[in-house]
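Please keep the sequence and the structure in view while reading.

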Amino acid sequence: AVVSTQSVITAGNVHEYLRSKLCSLYENDCIFDKFEVVWGGPSNSILTGSYNNFFRIFDRDNMKEACFEASRESARPKTQLKNCKVGVGPKRRKDEISVEMLDFNHKILHAHWHPTDNVIAVAATNNLYLFNGKHSGA
């Protein structure tokens, strides 16, 4: 939740798909991971990291969210980021990744959004990824 001194500005479920993995996260000390939350410079969006080198963008204007993966494939020039979806049940759609397949050793704990341009930097393990452009879906 984003909190002002007077009231909550907005609240959202960031890692809801991890609810079934809480015991595993606790046993691996991942429950203590601290994912930075950054405000989108020129927009009204919020960005935070997650496991599996995912990062999530929440657009407060239209209440949409999107999840993307920082990887060597997504970092190629002019590559369009694809929205990642995590499936939590036994039945999942073809385009979803099972929560059982997430890699909790690969995580984005640090991120930064340029104050005036639509450019973000995310740190994933020992790699730094820079993305620019207009995000769609969030």
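The text below treats confidence, sheets, nonpolar cores and aromatic pairs in turn.

**Confidence.** The model is predicted. The protein chain has an average pLDDT of 82, and 89% of the residues reach at least 70. Among the elements of the chain, the highest mean pLDDT, 93, belongs to β9, and the lowest, 60, to strand β1 (residues 2–3).

**Sheets.** Gly-49 is found opposite Phe-55 of β5.

Another open sheet has 3 strands, ordered β9-β10-β11, again with antiparallel pairing. Here β9 and β11 are the edge strands, each pairing on one side only. From one strand to the next, the twist averages 20 degrees. The antiparallel pairing of β9 with β10 extends over 5 bridges, and Trp-113 stands opposite Ile-120 in β10.

**Nonpolar cores.** The largest nonpolar core has 15 residues, of which Leu-47, Phe-55, Ala-70, Val-122 and Phe-131 touch the most other members. At least two residues of this core come from each of β5 (54–59), β6 (64–69), β9 (108–113), β10 (119–124) and β11 (127–132).

**Aromatic pairs.** The count of aromatic pairs comes to 6. Two of the pairs that involve Phe-55 are set out here.

| Pair | Centre to centre | Angle between planes | Arrangement |
|---|---|---|---|
| Phe-55 and Phe-68 | 5.7 Å | 45 degrees | tilted |
| Phe-55 and Phe-131 | 5.4 Å | 35 degrees | tilted |

Phe-55 belongs to strand β5 and Phe-68 to strand β6, so their pair ties together parts 13 residues apart in sequence. Phe-131 lies in strand β11, so its pair with Phe-55 of strand β5 ties together parts that are 76 residues apart in sequence. Phe-55 and Phe-68 are buried, and Phe-131 is buried as well. Together with Tyr-129, the residues Phe-55, Phe-68 and Phe-131 form one aromatic cluster.

Key. Residues numbered from 1 in each chain as written. Predicted model: local features only at pLDDT ≥ 70, side-chain atom pairs only at ≥ 80, totals over all residues. Heavy atoms only, no water. Core = buried A, V, L, I, M, F, W, Y, C linked by side-chain atoms within 4.5 Å. Buried < 20%, exposed > 50% of the residue type's maximum accessible area, 1.4 Å probe, protein only. Helix = DSSP H or I, 4+ residues; strand = E, 2+ residues; numbered from the N terminus. Pairing = 2+ DSSP bridges. Axes fitted to C-alpha atoms, helices over the stretch in contact; angles between N-to-C directions. pLDDT = per-residue confidence, 0-100. Phe/Tyr/Trp six-rings, centres within 6.5 Å; stacked < 30°, edge-to-face > 60°.
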